[in-house]
Amino acid sequence: MNKKGLQILEYYKIISMLTEKASSEPGKAMCEKLYPSTNLNEIEEAQQETQDALSRLFAKSSISFGSNKDLGFAIKSLEIGSTLSISELLKIANMLENVARVKNYGRPERDDTPPDALTGYFDLLQPLTPLSSEIRRCILSEEEIADDASATLKHIRRQMHIVGDRVHTQLNNMLTGSMRTMLQDAVITMRNNRYCLPIKAEYKSHVAGMVHDQSASGSTFFIEPAAVVTLNNQLRELEIQEQEEIQVILSTLSAAAAEHTAALMDNGRTMTKLDFIFAKAKLAMDMNATRPVFNTDHYIRIRGGRHPLLDKKTVVPIDIHLGKDFDLLIVTGPNTGGKTVSLKTVGLFTLMGQAGLHIPALDRSELGLFTKVYADIGDEQSIEQSLSTFSSHMVNIVTILKYADADSLCLFDELGAGTDPTEGAALAIAILNHLHDRGIRTMATTHYSELKLYALSTSFVENACCEFDVASLRPTYRLLIGIPGKSNAFAISQKLGLSKEIIEAAKEQISAEKESFEDVISNLEHSRLAIEKEQKEIEAYKQEIKKLKEQLASKKDRLDDSRDKILREANEKARAILQEAKDIADETIRSMTKAQMNTVGDLEKQRQKIRDQINQKNEKLALKTAAQSPKKALTEKDIRIGDSIKVLSSGFTGTVSSLPDKKGNLFVQCGIIRSQVNIKDLQLIQEEPEQKPVLQRTGSGGIKMSKSLGISPEINLLGSTVDEALARLDKYLDDAYLAHLSSVRIVHGKGTGALRTAVHQYLKRTSYVKSFRLGEHGEGDAGVTIAEFKQ
């Protein structure tokens, strides 16, 4: 890969950002050495590793590799049999404990989780828990070895403690005894690692012992009394034995570690690789980056790309495609409009993708595989080398043309600038034609109108521009492919205050052809803005229509649910009302059956009770039908005995039994019930009187009802559905029971047996049915049911 291109496209700044994400020094070193690859298999493998690490970060958060250290020197020492220091052994223990944490992090949460690109790395890790545990048991810190590291060390330290106590006892006795007046201070001190007493200079000769030190003023001598010299010697010998035993312990631990040098080296390499991979994933997470799709056709399609070095909160995403319908892309537009950023975005994304890094763009963005990326961006004029702006650009272009091939990507900023515009434009067109003839994908920026015309008239070249808002004098940084850009120099100058006379004079200097071309570009820009505005309005309408459709569908669902609920509740209420009415009717029938044993007054009370129950049920109904008032109030002249009337309050129909009295009260006969009502509660009806049951008075004053002449002892249900048959059967049984029939014959047929089963279940629930049976031979067999009533 071209190193100068890496520098110009600021690839190394991305590497610096990547290095900061690594948590170990070996991992940071690997990040610093990352370069783009030209092998597609390596690129895809690296991209897959980054993607899998990113998935783990989203699922389990982050993991640290901070204890991963470079153990190369320590491992070499172990291989030649050397003993490691305390700090080196602690580094090994820290690393092995970090390995154990990382390996546990890599374990899948479910047994059926398929392996990914990182599973092999996690499997290679060897925590060597016994070794790390033994090091931790023996070494407490870099300054302290545990007493229990060995039995010998524990014994030595116990002896040191005993001898030390004896020394302190001897010296304390001297402090409180006859030597008290000789002491400069009543303390026990250490000199040359031996216990001493601070003796005044005038008493130096009075104290037998060894002088180890003298104060700066000469007034104090630090003397080791002869009584504790032997004890101090013993203590010193024990300290030497302690250090020797510590070396034995370190040697034993080093020997144990030497057995696993290969595993330690593998752990170091694997931990460094995982730290590097997760650093790439962390960078992708920070950039909100995605994995690009690579192709070998040198086709580039970036969707919503954001330059990674710009603030991700303010950067404007751009869409770029190159290499399918055209292989040269010419970007025009005003300065600071985003042309150079677009160039660098394409080049930097290519380098990042081929280095195994995700790019900050929308998913399904595509990148071509290039072996080299060349860039001529920026002003590299040099006074020392006598190079002007044009010359410095031309030196780069010559180098690029010399080494670029069909697998290269070339990026030119202000191609042909820095010299005469006519010659510069001609030179730029010739260079672009040369690159096309060699099949090289190229992207260039320019201000020359000749290059805009060249792109419009050439099939393999496409125009693009960076949008500029003339009203606010600010670029929008949107890249528009297929539209040539306009410099907007006159509009910008006028906005900034340049007089109209000067601007008009400048316009006269432009040829008619160039002015016409600029007008065409301006008209295209206005048309584009109008189309974009209409598209936004259409999209807004679509969204509004979609929202209204969703609201309408939701409202329809709610109405359907409400309707179903209302119907369900209404059916339940109707069923309850019908059942109550049925129960009242059953009770009425039983009362009338026993009427011959009751007085007329008892029957009237029973009738009034039933009437009250019906009125109460009517009042509970959610929807009441208002009672219709008669068209005109009835008078005594309108009523004759035998007239058919309707009682408005109860809804019953009947005939007039007596003429009204002075208060308007009269008796009416409603079926078997004779009741007193007021004339205001009556309405005349015109209908044929139905055949009524014949009533006979008994000697005891009761009422007896004979059988109705119109009731048949048989009902035929053949051809009816279950619901229709049960409705007919219900009415028929009531009429037959009122008519005092002792039994009835129900014809339901054989068929599937569904109608027969429904009839039998209904008969079981009917309170006035005594028993029922299937018909016998000659009565219709299983197609007929005989039901007997209670008497």
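**Notes on the model**

1. Let's begin with a pair of helices. Helix α13 (residues 389-403) and helix α14 (residues 421-437) have axes that come within 12 Å and cross at roughly 15°. An angle under 35 degrees counts as roughly parallel, so α13 is roughly parallel to α14. The crossing of these two helices, α13 and α14, is left-handed. Please keep in mind throughout that this is a predicted model.

2. Which residues make this contact? From α13 come Phe390, Met394, Ile397 and Leu401, and from α14 come Leu427, Ile431, His434 and Leu435. Sorted by class, the contact of α13 with α14 has seven nonpolar residues, one polar and no charged.

3. Now compare a second pair. The axes of helix α6 (residues 86-106) and helix α10 (residues 229-258) come within 11 Å, with a crossing angle of roughly 40°. That angle makes α6 and α10 oblique to each other. Here too you can look for the handedness: α6 passes α10 in a left-handed crossing.

4. On the α6 side, Ile86, Leu89 and Ile92 take part, and they meet Leu250, Leu253, Ser254 and Ala257 of α10. The class count for the contact of α6 with α10 is six nonpolar, one polar and no charged residues.

5. Next, the interior. In soluble globular proteins, nonpolar side chains tend to be buried together. In this model, the largest nonpolar core has 92 residues, and Leu18, Ile92, Ile139, Phe278 and Met443 have the most contacts inside it. Helix α11 (residues 261-287) gives the most to this core, with 12 residues. There is also a second, separate core of 23 residues, with Cys410, Leu432, Ile440 and Ala455 among them.

6. Setting aside residues up to four places away in sequence, Ile139 touches Ile86, Leu89, Leu90, Glu144, Ile145, Leu250 and Leu253.

7. Apart from neighbours within four places in sequence, Thr272 is in contact with Pro26, Gly27, Met30 and Asn68.

8. Two residues deserve a look for their backbone angles. Most residues other than glycine have a negative phi. Asn288, however, has a positive phi near 55°, and His298 has a positive phi of about 60° although it is not a glycine.

9. Where do these two residues sit? Asn288 lies in the loop between α11 and β7 (293-295), whereas His298 is in the loop between β7 and β8 (300-305). With 55% relative accessibility, Asn288 counts as exposed. His298, by contrast, is buried, with a relative accessible area of 11%.

10. Finally, step back to the whole protein chain. How many helices and strands does the protein chain have? The count is 21 helices and 27 strands. Of its 791 residues, 41% count as buried. Among contacts in the protein chain with a separation of 6 or more, 66% are between residues 24 or more positions apart.

Terms used:
Residues numbered from 1 in each chain as written. Predicted model: local features only at pLDDT ≥ 70, side-chain atom pairs only at ≥ 80, totals over all residues. Heavy atoms only, no water. Core = buried A, V, L, I, M, F, W, Y, C linked by side-chain atoms within 4.5 Å. Buried < 20%, exposed > 50% of the residue type's maximum accessible area, 1.4 Å probe, protein only. Helix = DSSP H or I, 4+ residues; strand = E, 2+ residues; numbered from the N terminus. Contact = heavy atoms within 4.5 Å. Axes fitted to C-alpha atoms, helices over the stretch in contact; angles between N-to-C directions. Parallel < 35°, antiparallel > 145°, perpendicular 65-115°, else oblique. Left-handed = near helix turned anticlockwise from the far one by under 90°. Nonpolar A, V, L, I, M, F, W, Y, C, P; charged D, E, K, R; others polar.
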